Amino acid sequence: MPAAIQITDLSKRFGATQALAGVDLSVPEGTVLGLLGPNGAGKTTLVRILATLLQADAGEVRVGGFDVRTQAHQVRELIGLTGQYASVDEKLTGRENLILIARLLGFSRADARDRTRSLLEQFHLQDAAHRAAKTYSGGMRRRLDLAASLVGRPRILFLDEPTTGLDPRARLDLWQLVRGLVGEGTTVLLTTQYLDEADALANEIAIIDQGRVIASGTAQSLKARVGHRNLEVVVRERDDIARVAEWVSRITGRPADIKGHRVSAPAADPEHLPALVRALDEAGVPVDELALRGASLDDVFLSLTGRRAGPGPDDAEESA
Amino acid sequence: MRALQQCLTLAWRSLVQVRHNPWELGDYSIQPILFLVLFLFVFGGAVAGSTEDYLSFILPGVIVMNLVFVTVYVGHGLNSDLTKGVFDRLRALPIPRWAPLAGRILADMVKQVLCILLLLGVGFLLGFRMEAPWWGLPVMIVLLLAFALSFSWVMVLVGVMSRDPEHVQLFGFTALFPVTFVSNAFVPLETLPSWLQTLVALNPVTMLVDSCRGLLSGGPVLGPALGALVWAVIITAIFAPLSVRALNRRLMGQGGAA
Ligand SMILES: Nc1ncnc2c1ncn2[C@@H]1O[C@H](COP(=O)(O)OP(=O)(O)O)[C@@H](O)[C@H]1O
Ligand SMILES: [Mg+2]
């Protein structure tokens, strides 16, 4: 299958910050690449270069076979972009926002109206269609933004943290939508800080950290790379948590992670599970859940970088 | 052909924005009318002896002042597109690079003509009558638009350099008040101290106001109109390249929160 997106040795520097340091990626047509990385990893920079908004310092980028540097216009005919922060015209109504894009893409008046109507419906915005977008909630703006990037039925779609700030229900709606688009043959590059999102949507995942792709492959193969599983136990009584944590770390030989009533630690040996069962049984400690789980992407990230993934504390600052 | 249609679509967008933004609409309509009426009745007696005589003096002054103020919205709109990400959305579309700016300036020209006609209409209701030949009116509009066009480049630069739309407005109006008031828009040149007269005579606002007075009520036109056009050329020659450079720099520097 030909590659819809082909990135070779891409670098970009902002002053002293090396935002991208030699990225190679290839996304086959009709698939989803999940670009997973913490805040500041370089995801937005990469997307902006792909969308012809930013020039790279070095490397080659082809989108739909066209060079983003020398054939930007052709690239723009193929792509749709939903940036990290909703970029709708707040002074226009939702409907006017979509009509604007449709007309700029060369739709006739009638076609622009039709396309706008169906998108407003699809994104549950009909009722707000005639209100200025500045009166929209965050979720509505995101939906409008997404609708705007789909007006031209792009063959290649870039979604930069599309579900950040969405409620769980809207998040699932968006996942469904992405699956639908991919079913119709659209190629999607999606960035996210959420491991479950990449897991749920992407055919391939590339983990990016400090401007480098540090691992890539299917969710399955990434999990296998970590090679260990997690021993997890949910303790019923609050008073028992401390001693259960002590047993868990003694049995696994690793520090136990405590989250509420959930105690967990990486378990290299399947024998750790029965060992813990015996300890719990002897002391008569009641538990609600006990399992040996396969590694999550969170574990993958932790083992690759030594840090946890997920939204960092400086999130708010960046969106200011 | 396609590019022209895209440019018109973008101009349409700037004009539709005004509908949902009553403050901006007020700045174009209520504010200049208020200026005209207030100045007329407060200063009329003192400056010209009567409001009737003052009207034909001050009407061109208010028209030019408003012209200059309205250009602030070119910078304001551009800046809000840049800070809110709309500019990026447009740049990722297959449209010419210059279309967003051209659309905005085209919309500004439409707003300018409407403002001029509105003020002339209000002037008419207040008793103003044109004394010069009729063709003075279209010539005046063309001259005013030519100047507004060049002055837009100043506001494009302000729009690109400012952090947010509020700063554009703050900076724009703060800078433009002295420029419009240190002119003969509201008081005759002879009444000013002599050191100020030199400055006022060199001000493009003075030249524009004088041309408009000549074109509406009779009097010298060619001299001040040429002066205003020379200013327009100078302003464009300086600010157009500066603005384009600043815009490119701002766009290239963007990566993260933009
Ligand atoms: N315009 C810019 N100027 C300076 N540094 C920037 C700019 N854009 C991004 N950066 C830096 O580049 C790095 C990558 O940023 P970004 O691509 O936004 O990461 P992500 O989207 O993964 O959070 C960060 O360290 C960020 O601070
Ligand atoms: Mg980002």
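Welcome to the tour! Searching the whole structure, a predicted model, turns up 23 salt bridges over all chains. Side chains of opposite charge can pair when their charged atoms come close. Let's visit a few.

**Stop 1: within chain A.** Select Arg141(A) and Glu90(A), a salt bridge whose closest N and O atoms are 2.6 Å apart. Arg141(A) sits in helix α5 of chain A, while Glu90(A) is in the loop between β6 and α3, so the pair links distant parts of the chain, 51 residues apart. Glu90(A) counts as partly exposed, because its relative accessibility is 22%.

**Stop 2: across two chains.** Now pick Glu96(A) and Arg19(B), whose side chains form a salt bridge at 2.9 Å, N to O. This pair joins two chains, because Glu96(A) lies in helix α3 of chain A and Arg19(B) in helix α1 of chain B.

**Stop 3: back in chain A.** Select Asp288(A) and Arg236(A), which meet in a salt bridge of 3.0 Å, N to O. Strand β14 holds Asp288(A), and the loop between β11 and α9 holds Arg236(A), so the pair ties together parts 52 residues apart in sequence.

**Stop 4: a network.** Highlight Asp89(A), Arg13(B), Asp81(B) and Arg104(B): salt bridges with shared partners join them into one network.

**Stop 5: chain B as a whole.** Colour chain B by secondary structure to find twelve helices and zero strands. Buried residues make up 55% of its 258 residues.

Definitions and conventions: Residues are numbered from 1 along each chain as its sequence is written. Chains are lettered from A and ligands numbered from 1 in the order in which they are written. This is a predicted model: local features need pLDDT of at least 70, side-chain atom pairs count only at pLDDT 80 or more; totals for chains, interfaces and linings use all residues. Side-chain values use heavy atoms; hydrogens and water are left out. Helices (H or I, at least four residues) and strands (E, at least two) are DSSP runs, numbered from the N terminus. Buried means under 20% relative accessible area, exposed over 50%, partly exposed in between (1.4 Å probe, protein chains only). A salt bridge is a side-chain nitrogen of Lys or Arg within 4 Å of a carboxyl oxygen of Asp or Glu.
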